[in-house]
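Please look over the sequence and the model below.

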Amino acid sequence: MIVFFVLVRRKGTWEETFFVGIGTMLGTWFPDWDLGFGIGFHRNPFFHSAFFPFLAWLWYRRANSRWIGPILAGFALGVSSHLFWDTIHYGDVRWIPGASNDRIFLLINAIVGAGIAWWIRRSYTKFGREKTMPPLPD
Ligand SMILES: [Zn+2]
């Protein structure tokens, strides 16, 4: 949450803050949607990793909307903070043996997720809020 405020406070318009907030709430909640596949699927490495923030980043590079950047930056940040808290609370990740390996996995992914959030945030700030990222070559 501290990171969230640091990111948002930098000359953010209220609009932008609002969309980053929505993204963050979605993101913190998102990894536990794996419960929808049953408790046996909980904390599987796809949902509890930087995998979806990475997909968000790929999507962002192709998206063409003013508010998608703040939402996706917030989403990556929210997922990252969820993973960070799971690291502290000894979250057990499926299919990864050993408690300390799980925590290393969660921590690394939390850092990668925060990096993705930072990258998205930086790219649309730097280019004057309008997304001007060149699209990926097809
Ligand atoms: Zn979790």
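## The core and its helices

The largest nonpolar core has 24 residues, and those touching the most other members are Ala56, Leu72, Ala73, Ala76, Ala117 and Ile120. A nonpolar core is a set of buried Ala, Val, Leu, Ile, Met, Phe, Trp, Tyr and Cys residues joined through C-beta atoms within 7 Å. Helices α2, α3 (51–62), α4 and α5 (99–126) each supply at least two residues of this core. This is a predicted model: local features need pLDDT of at least 70, side-chain atom pairs count only at pLDDT 80 or more, and totals for chains, interfaces and linings use all residues. Residues are numbered from 1 along each chain as its sequence is written.

A residue is buried with 20 or more other C-beta atoms within 10 Å of its own, exposed with 12 or fewer, and partly exposed in between; C-beta atoms are placed from the backbone. Of the 138 residues in the protein chain, 36% are buried. Phenylalanine 51 lies in helix α3. Phenylalanine 51 is partly exposed, because 15 other C-beta atoms lie within 10 Å.

The protein chain has five helices and zero strands. Helices (H or I, at least four residues) and strands (E, at least two) are DSSP runs, numbered from the N terminus.

Two residues are in contact if their C-beta atoms, placed from the backbone, lie within 7 Å. Leaving aside neighbours within four places in sequence, alanine 76 contacts Gly27, Pro53, Ala56, Gly113, Ile116, Ala117 and Ile120. Among contacts in the protein chain between residues at least 6 apart in sequence, 72% join residues at least 24 apart.

The axes of α2 (residues 14–29) and α4 (residues 68–88) come within 6 Å and cross at roughly 35°. Axes are lines fitted to C-alpha atoms, for helices over the stretch in contact, and angles run from 0 to 180 degrees between N-to-C directions. The residues of this contact divide into 13 nonpolar, nine polar and one charged. Ala, Val, Leu, Ile, Met, Phe, Trp, Tyr, Cys and Pro count as nonpolar, Asp, Glu, Lys and Arg as charged, and the others, Gly among them, as polar.

How confident is the predictor? pLDDT is its confidence in each residue, from 0 to 100. In the protein chain, 75% of residues reach 70 or more.

| Part | Mean pLDDT |
|---|---|
| Protein chain | 78 |
| Helix α1 (residues 2–9), lowest | 51 |
| Helix α4, highest | 90 |

Where pLDDT is low, the predicted coordinates should not be read in detail.

Note on methods
pLDDT = per-residue confidence, 0-100.
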